[in-house]
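New page in the notebook.

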Amino acid sequence: MAPIKKSKKTVDSMNSRIKLVMKSGKASLGYKAALKCIRKSKGKMILIANNCPPLRKSEVEYLAMLSKTKVHHYTGDNTALGTACGKHFNCSVLTITDGGDSDILTAEE
């Protein structure tokens with residue numbers, strides 16, 4: 001029972017960090033926007049939902065590796081990631097260009 005609670009805490013803390021980024025920082029939602037940010041080397045961190053298609057996920061990871069951008073695999077699906085961003089639609093990829101007041105770029109989980 002304890003490992004589930006720990007996992008729940010990390011998911012909640014990640015969701016709160018994402019909300020803070022959406023409020024105070026800059027982020028772009030979506031696969032195409034993520035590719036544009038990666039190519040321009042503007043993105044600082046990329047979050048990928050766990051149900052993102054494997055080909056799309058590997059392409060984003062490869063381009064992120066080339067541009068030296070951090071990649072975080074979000075534990076929830078695309079619906080949960082969209083909800084964490086405060087949107088009413090699904091989002092499989094989230095690119096953070098400016099962290100704002102959040103410590104999401106420095107925190108290691």
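Which hand does the crossing of H2 and H3 have? I looked it up, keeping in mind that this is a predicted model: the crossing is left-handed.

Next I checked the geometry of that pair. H2 covers residues 31-39 and H3 covers residues 54-66. Their axes are 10 Å apart, and the packing angle is about 20 degrees. Angles under 35 degrees count as roughly parallel, so I noted H2 as roughly parallel to H3.

Then I wanted the residues behind the contact. From H2 I wrote down Tyr31, Leu35 and Ile38. On the H3 side they meet Arg56, Glu59, Val60, Leu63 and Ala64. Sorted by type, the residues of this contact come out as six nonpolar and two charged, with no polar ones.

On to the strands. I found an open sheet of four strands, and I read its order as S1-S4-S2-S3, with mixed pairing. The edges are S1 (26-29) and S3 (70-73), each of which pairs on one side only. From one strand to the next, the twist averages 20 degrees.

I zoomed in on S2 (residues 45-48) and S3. These two pair in the parallel sense, over four bridges. Met45 stands opposite Lys70 in S3.

Last entry: how do the helices sit on the sheet? H3 packs on it and touches S2 and S3, its direction making about 165 degrees with that of S2. H2 lies across S1, S2 and S4 (93-98), and I noted its run at about 40 degrees to S4.

Technical notes
Residues numbered from 1 in each chain as written. Predicted model: local features only at pLDDT ≥ 70, side-chain atom pairs only at ≥ 80, totals over all residues. Heavy atoms only, no water. Axes fitted to C-alpha atoms, helices over the stretch in contact; angles between N-to-C directions. Parallel < 35°, antiparallel > 145°, perpendicular 65-115°, else oblique. Left-handed = near helix turned anticlockwise from the far one by under 90°. Contact = heavy atoms within 4.5 Å. Nonpolar A, V, L, I, M, F, W, Y, C, P; charged D, E, K, R; others polar. Pairing = 2+ DSSP bridges.
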